[in-house]
Amino acid sequence: MTKEKMIITDLDGTFVKDSRKVTSIDQQSLRELKETMQIGIATGRSIKEIEFIEEQTGIKADVRIGFNGAVVEVDGERIFEQTISKDSLEPILAYIQEKALVFDALDGDQRIGTHKSDDIEKLWNMQLVEPEGLFELLKQKKIFKINIRPDPDKSDLLLKELADQFPDLAICKSGEKRIEITPKNITKGHALELVRQHKDLQIVSVGDSENDISMFQTSNYSFCMAHASSQVQQYASAVIDNFYEVKKLIA
């Protein structure tokens, strides 16, 4: 029997190319793909933000992967959830505070930290908050992911330093201005392995960032956006300019 297929896509830079709104042609393409296969979304954002895109497009995902794999939902049921442990959270927060790094920590409902943005359309109905007693408050919260927002010319050096000092955390870049921190061994690829325990699927993935590499490696076939770095592109089966091209290429 032929395995059922699933198309699973990253959001920012991929299905939501400008991080604001899904184009009508990409929406229509995914809607047509949904007629013959299951739909998945895998993002560094929260499940709440996945729901925002579902409402915008009118397309509900069969599989939702949030925070790069720290939360996994299949057919509306949460099958996996992992936050940053207290033993790991306190040292990384102390490092961020000492270095005065711009950051936001995600608890699933808000973005909590020092990061600011005037581009409301990119927030997808999420609030950016910087409460009093910020670091003490965060130590008491369940945090799934931390975004650090370095200057582009400092991101690679900071990434290496973080990886060296915090080997108990998963740390990767998703663009020149963002470093993402999640619990150890949390990746989109690991999330897909969990999904396969519930669904026997052939998986086609689409992405554009370093946090999509593990997803490419776990998929049967993968597409990388042309604006991605060559380091990311090399892990994909093919390179495309726009999400809607996927439908024609896998038909």
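Buried means under 20% relative accessible area, exposed means over 50%, and partly exposed lies in between. Keep these cut-offs at hand as you work through the exercises on this predicted model.

**Exercise 1. Is the salt bridge between aspartate 104 and arginine 111 made of buried or exposed residues?**

Step 1. Find the contact: the side chains of aspartate 104 and arginine 111 form a salt bridge, with 2.8 Å from N to O.

**Exercise 2. Which parts of the chain does the salt bridge between aspartate 119 and arginine 20 link?**

Step 1. Start with the pair itself: aspartate 119 and arginine 20 meet through their side chains in a salt bridge of 2.5 Å, N to O.

Step 2. Place each partner. Aspartate 119 sits in the loop between β7 (110-113) and β8 (127-129), and arginine 20 in the loop between β1 (4-9) and α1 (24-33). The two are 99 residues apart, and the pair links distant parts of the chain.

Step 3. Check the surroundings. Aspartate 119 is partly exposed because its relative accessibility is 21%. Arginine 20, at 29%, is partly exposed as well.

**Exercise 3. Where do glutamate 130 and lysine 116 lie, and what does their pair tie together?**

Step 1. The side chains of glutamate 130 and lysine 116 make a salt bridge of 2.6 Å, N to O.

Step 2. Glutamate 130 belongs to the loop between β8 and α4 (134-139), while lysine 116 belongs to the loop between β7 and β8, so the pair ties together parts 14 residues apart in sequence.

Step 3. Now apply the cut-offs. Glutamate 130 has a relative accessible area of 46%, so it is partly exposed. Lysine 116 has 53%, so it counts as exposed.

To widen the view, the count comes to 27 salt bridges. One network of salt bridges links Glu51, Glu54, Arg64, Glu73, Arg78, Glu81 and Lys142.

**Exercise 4. What is the strand order of the open sheet of six strands, and which strands stand at its edges?**

Step 1. Read across the sheet: the order is β8-β7-β6-β9-β11-β10, and the pairing is mixed.

Step 2. Look at the ends. β8 and β10 are the edge strands, each with a single partner, so one side of each has no neighbour in the sheet.

Step 3. Zoom in on one pair. β7 and β8 run parallel and are joined by three bridges. Here glutamine 110 stands opposite glutamine 127 in β8.

**Exercise 5. Which residues of helix α5 are buried, and what do they pack against?**

Step 1. In α5 (residues 155-165), the buried residues are Ser155, Leu158, Leu159 and Leu162.

Step 2. These residues cover an arc of only 105° around the axis, so they lie on the same side of α5.

Step 3. Turn to the face away from the buried side: the exposed residues there are Asp156, Leu157, Lys160 and Asp164.

Step 4. Follow the contacts. The buried residues of α5 pack against α3 (86-99), β9 (145-148), β10 (169-173) and β11 (179-183).

Note on methods: Residues numbered from 1 in each chain as written. Predicted model: local features only at pLDDT ≥ 70, side-chain atom pairs only at ≥ 80, totals over all residues. Heavy atoms only, no water. Salt bridge = Lys/Arg side-chain N within 4 Å of Asp/Glu carboxyl O. Helix = DSSP H or I, 4+ residues; strand = E, 2+ residues; numbered from the N terminus. Buried < 20%, exposed > 50% of the residue type's maximum accessible area, 1.4 Å probe, protein only. Arc of directions from axis to C-beta. Contact = heavy atoms within 4.5 Å. Pairing = 2+ DSSP bridges.
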